[in-house]
Amino acid sequence: MERTAVVFVLLSFCFTSLALECRLVPGSLKQLDVGNGQVFGVNSNNQIYTLYSTSWIQVPGSLKHVSVGPAGVWGVDSNNYIYKLGGGDWVIVPDLNALFFSSRRAFRSGDVTPTTCAGSLNWEQISGGLSMIEVSTDGKVFGVSSIGEVYQRDGVSPSNPTGTGWRQVPSPQKIKHVSYDNGHLWLIGRDDRIMDCTE
């Protein structure tokens, strides 16, 4: 990955009433995901990387999208086959086709638990339009609009899982991807630059 100097930018983010400190992370990625304290991402050549301390380490394989969380590290390749990382190797996951996309609309499925991942399969449309959405392990919801603005869903709680509305989160540039874990809001700009923002 390309090495660049680390740059610190102070931004006033409203969603926590605190200033966030954002640093430019060396390298470039088209997509990343964070969870369980891990960071995985893929670049424009579908090469996979994971962040150890301050260095990106290339992971064997080729994926267009990667996701990490309590269920492990998962990915999708350019042929739309689904893989799970196990024992250092990517293992294809057969018969998994329960993915749902619908033209920049956000939906929520109810009754999702660790033992019933599919939930009720009754999809509820959420107001607003986004080009991507992220739900963190602790229940925070972030999204990116088609023009590169970042939003957070307010009022999300166990008693009101759909929340109450969207609030814009100021960002230093137009964004194409967000991910959140352990107090870190990770942003990828339209130029593939990576930013790690903390409270």
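**A buried charge and its surroundings**

Modeller: Start at D77. D77 is buried, yet has no salt bridge. The nearest side chain of opposite charge belongs to K64, 6.9 Å away. Buried means under 20% relative accessible area, exposed means over 50%, and partly exposed lies in between, with a 1.4 Å probe and protein chains only. For charge, Lys and Arg count as positive and Asp and Glu as negative, while His and the chain ends are not counted. A salt bridge needs a side-chain nitrogen of Lys or Arg within 4 Å of a carboxyl oxygen of Asp or Glu.

A word on the source. This is a predicted model, so local features need pLDDT of at least 70 and side-chain atom pairs count only at pLDDT 80 or more, while totals for chains, interfaces and linings use all residues. Residues are numbered from 1 along each chain as its sequence is written, and side-chain values use heavy atoms, with hydrogens and water left out.

Where does D77 sit? The loop between β8 (72–76) and β9 (82–86) holds D77. Helices (H or I, at least four residues) and strands (E, at least two) are DSSP runs, numbered from the N terminus. The side chain of D77 reaches the backbone nitrogen of Y81 at 2.9 Å. That is a polar contact: N or O atoms within 3.5 Å, where within protein one must be able to donate a hydrogen and the other to accept it, and residues adjacent in sequence count only if both atoms are side-chain atoms. Setting aside residues up to four places away in sequence, D77 touches S62, L63, K64 and Y83. Contact means heavy atoms within 4.5 Å.

Now follow the chain onward. β9 pairs with strand β10 (residues 89–92) in the antiparallel sense, over 4 bridges. Pairing requires that DSSP finds at least two bridges between two strands. G86 has D89 of β10 as its bridge partner. The hairpin of β9 and β10 has 2 residues between the strands, and G87 takes a positive phi near 65 degrees there.

Step back to the whole chain. The chain has 0 helices and 19 strands. Of its 199 residues, 40% are buried. Among contacts with a separation of 6 or more, 39% are between residues 24 or more positions apart.

S179 lies in strand β17 (residues 175–181). Its relative accessibility is 0%, so S179 counts as buried. S179 and D33 are 146 residues apart in sequence, but 5.6 Å apart in space, C-alpha to C-alpha. Their side chains make a polar contact at 3.1 Å. The side chain of S179 also reaches the backbone nitrogen of V34, at 3.0 Å. Beyond four places in sequence, the contacts of S179 include L32, E134 and W186.

Most residues other than glycine have a negative phi. N182 has a positive phi of about 50 degrees, although it is not a glycine. N182 sits in the loop between β17 and β18 (184–189). At 56% relative accessibility, N182 counts as exposed. D192 is not a glycine either, and has a positive phi of about 70 degrees. D192 lies in the loop between β18 and β19. At 15% relative accessibility, D192 counts as buried.

The whole structure has 1 disulfide, meaning a pair of cysteine sulfur atoms within 2.5 Å. C22 and C197 form this disulfide, with sulfur atoms 2.0 Å apart. C22 lies in strand β2 (residues 19–28) and C197 in strand β19 (residues 193–198), so the pair ties together parts 175 residues apart in sequence. The S-S torsion is about 110 degrees, so the disulfide is right-handed. Both C22 and C197 are buried.

D77 has no salt bridge, but the structure holds 5 of them. In one of them, the side chains of R23 and D196 meet at 3.7 Å, N to O. R23 is in strand β2 and D196 in strand β19, 173 residues apart. R23 is partly exposed at 22% relative accessible area, while D196 is buried at 6%. K140 forms another with D138, the closest N and O atoms being 3.4 Å apart. K140 is partly exposed at 28%, and D138 is partly exposed at 49%.
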